[in-house]
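Open the model in your viewer and keep the selection tool at hand. The tour goes from one selection to the next.

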Amino acid sequence: MKNSTMERHDFYISSIIEAQDCRENKFMTEIDIESILRYAVAMANDKGGNVIVGIDSARNVIGIDYTSGQIKQLQQTIQHRIAPQLPYHLIQTKYQGKSIMVINVWDGSTKPYLLDSSAYTFGGDQLIIADN
């Protein structure tokens with residue numbers, strides 16, 4: 001069962017890396033909670049997407065080191081600072097032998113999603129604060 005899950009994750013991550021749409025996928029080299037939150041809110045306010053931590057912008061797999069405490073902090077921060085509840089799934093896995101994290105954010109059904117009372121969205125491929 002574990003190998004089947006890993007194979008599905010590998011296929012999913014490969015499809016993200018190969019996708020050409022920069023707006024739907026944000027690659028990060030480290031766990032930057034503030035950036036993750038802003039992009040996740042913008043994705044929920046748009047058509048969804050993925051924040052991938054451990055892969056650089058050139059789509060090289062570099063991996064990351066993280067603790068269960070960092071994951072818990074990220075999940076608690078999402079729960080407490082984003083309203084309404086963010087529709088997401090967090091995947092911790094190995095890809096090409098390196099640890100990565102994927103935050104899959106769905107197109108939200110109760111828009112706008114707010115991070116500390118600010119709605120983020122995209123202007124082209126750029127992240128922007130939406131006008132009130």
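A residue counts as buried when its relative accessible area is under 20%. Keep that cut-off in mind, and note that this is a predicted model.

Select Tyr39. Its relative accessibility is 16%, so Tyr39 counts as buried. Next, select Phe122, which is also buried because its value is 9%. A search of the whole structure finds 1 aromatic pair. That pair is Tyr39 with Phe122: the ring centres are 6.3 Å apart and the planes meet at 45 degrees, so the pair is tilted. Tyr39 belongs to helix α2 and Phe122 to strand β7 (residues 120–123), so the contact ties together parts 83 residues apart in sequence.

Now select all of α2, residues 33–45. Is the helix enclosed or open to the outside? Of the 13 residues, 11 are buried, so α2 is largely enclosed by the rest of the structure. Among them are Ile33, Leu37, Val41 and Asn45.

Move to the sheet. Four strands form an open sheet in the order β1-β2-β5-β4, with mixed pairing. β1 and β2 (residues 49–53) run parallel and are joined by 4 bridges. Select Phe27 to find Ile52 of β2 opposite. Helix α2 packs on this sheet, touching β1, β2 and β5 (98–105), and makes about 165 degrees with the direction of β2.

Last, select helix α3 (residues 68–81), which lies across β4 and β5 and runs at about 160 degrees to β4.

Note on methods:
Residues numbered from 1 in each chain as written. Predicted model: local features only at pLDDT ≥ 70, side-chain atom pairs only at ≥ 80, totals over all residues. Heavy atoms only, no water. Buried < 20%, exposed > 50% of the residue type's maximum accessible area, 1.4 Å probe, protein only. Helix = DSSP H or I, 4+ residues; strand = E, 2+ residues; numbered from the N terminus. Phe/Tyr/Trp six-rings, centres within 6.5 Å; stacked < 30°, edge-to-face > 60°. Pairing = 2+ DSSP bridges. Contact = heavy atoms within 4.5 Å. Axes fitted to C-alpha atoms, helices over the stretch in contact; angles between N-to-C directions.
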